[in-house]
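Below is a short briefing on selected local features of one protein chain. Please keep the sequence and the coordinates open while reading.

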Amino acid sequence: VPRAESDLLGELVGLGLERREARWLIEEYAPGAHDDARPSAIAAAQRRLAGEPLQYVLGHWPFRSLDLDLDSRVLIPRPETELLVDVAISELALADLAAPTVLDIGCGSGAIGLSIISELADRGVVSTLLAVDESPGALAVARRNALKHSLHSVSFIESHWYDEISPELEGHVDLVVANPPYVSEADFMDVDEELRHEPRGALVSADSPRAAGFADLETVIAGAPRWLARQGVLVVEHGADHGAPAREAARSVGLTARTDCDLAGRERIMVASR
Ligand SMILES: C[S@@+](CC[C@H](N)C(=O)[O-])C[C@H]1O[C@@H](n2cnc3c(N)ncnc32)[C@H](O)[C@@H]1O
């Protein structure tokens with residue numbers, strides 16, 4: 001390690017940063033540790049030491065095959081959501097469609113929808129994505145991620161769930177994917193300090209008669225049949241206690257439903273179809 005870099009590394013570790021994180025921040029903000037870049041590395045270290053998540057401080061993080069730009073306007077995509085993408089792609093593969101239309105509702109950084117259309121493209125399948133969020137900030141990040149990865153067949157729609165989607169799409173969506181907010185107000189009181197840096201509107205949902213933190217899931221599930229094509233599929237992520245309520249919500253709007261588990265064996269992903 002060159003002298004300047006090891007000096008800066010020592011300085012950041014001295015401030016209290018873990019060595020591994022200090023290395024990443026130097027690589028991001030001061031590669032080569034040139035004098036003029038040192039202040040930005042130190043400023044980044046101070047943000048991290050003040051409790052900001054590493055992913056926001058670095059400004060990007062991998063999700064499946066994409067390196068996604070991230071900032072505090074969007075949720076940091078989670079590993080279980082990578083699993084949701086696997087499930088969604090398998091469902092689409094079963095349907096064997098020539099040019100599927102995908103609706104990512106509550107898209108945040110675009111993690112789910114952009115991964116799906118990018119991985120479909122790798123398999124030679126050209127698909128169209130509608131990326132919906134009520135947060136203009138989240139849509140700005142999602143748009144940047146689409147450009148970053150040259151994914152052009154995407155429309156971005158600012159909308160409260162399905163409200164602003166063109167009626168022309170009714171019955172034409174092959175896959176609706178969503179990872180809506182599902183932490184209840186009560187549970188949010190107990191979450192880690194670090195989670196509080198993420199947008200509250202991306203995490204917290206009101207309760208529904210079916211379950212705590214379930215109101216947004218209820219809306220997303222109940223609204224899906226109107227948009228799904230005849231062979232269309234809805235794939236949603238939900239809280240570990242939401243397996244039964246999610247299946248009941250799907251069945252109550254005429255869908256058949258099953259639940260997939262995460263690697264820890266908890267019910268986390270519902271797949272529903274006509
Ligand atoms: C849990 S985050 C998921 C983000 C991204 N899909 C992911 O998996 O990383 C939920 C997203 O839903 C959006 N959202 C919350 N309420 C919404 C609403 N009423 N209409 C549309 N989007 C909403 C939030 O802004 C946030 O981006």
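Where is the place of Ser150? Ser150 sits in the loop between helix 7 (136-148) and strand 5, where helices (H or I, at least four residues) and strands (E, at least two) are DSSP runs numbered from the N terminus.

This is a predicted model, in which local features need pLDDT of at least 70 and side-chain atom pairs count only at pLDDT 80 or more, while totals for chains, interfaces and linings use all residues. Residues are numbered from 1 along each chain as its sequence is written, and side-chain values use heavy atoms, with hydrogens and water left out.

**Helix 3**

- Helix 3 covers residues 38-49, which makes 12 residues. From first C-alpha to last it reaches 16 Å, close to the 16 Å expected at 1.5 Å a residue; the expected span is 1.5 Å times one less than the number of residues.
- The buried residues of helix 3 are Arg38, Ala41, Ile42, Ala44, Ala45 and Arg48. Buried means under 20% relative accessible area, exposed over 50%, and partly exposed in between (1.4 Å probe, protein chains only).
- Viewed down the helix axis, these buried residues fall within an arc of 160°, so they line one face of helix 3. The arc is that of the directions from the helix axis to the C-beta atoms.
- The cover over the buried residues of helix 3 includes helix 1 (3-15), helix 2 (19-29) and helix 4 (54-58).

**Aromatic pairs**

- The structure has 2 aromatic pairs, counting rings of Phe, Tyr and Trp (its six-membered ring) whose centres lie within 6.5 Å; planes under 30 degrees apart are stacked, over 60 edge-to-face and the rest tilted.
- Trp24 and Trp61 pair edge-to-face, at 6.0 Å centre to centre and with 75° between the planes. Trp24 belongs to helix 2 and Trp61 to strand 1 (residues 60-63), so the pair links distant parts of the chain, 37 residues apart.
- Trp24 is partly exposed because its relative accessibility is 30%. Trp61 is also partly exposed, with a relative accessible area of 26%.
- Tyr162 and Trp227 form a stacked pair, 6.2 Å centre to centre and with 10° between the planes. Tyr162 is in the loop between strand 5 (154-158) and strand 6 (173-178), and Trp227 is in helix 10 (residues 215-227), 65 residues apart.
- Both Tyr162 and Trp227 are buried.

**Charge over a ring**

- The charged end of Arg196 sits over the ring of Phe188, 4.9 Å from its centre. The rule asks for NZ of Lys or CZ of Arg within 6 Å of the ring centre and within 35 degrees of the ring normal.

**Cysteines**

- The whole structure holds 0 disulfides, a disulfide being a pair of cysteine sulfur atoms within 2.5 Å.
- Cys107 counts as buried because its relative accessibility is 6%. Cys261 is partly exposed, with a relative accessible area of 38%.

**Loop residues**

- Asp262 lies in the loop between strand 10 (256-261) and strand 11 (267-273). Its relative accessible area is 9%, so Asp262 is buried.
- Leaving aside neighbours within four places in sequence, Asp262 is in contact (heavy atoms within 4.5 Å) with Leu83 and Arg268.
- Arg64 has a positive phi, near 50°, in a residue other than glycine. Arg64 is in the loop between strand 1 and strand 2 (66-69), and it is partly exposed at 25% relative accessible area.
- Ser150, a residue other than glycine, has a positive phi near 55°.
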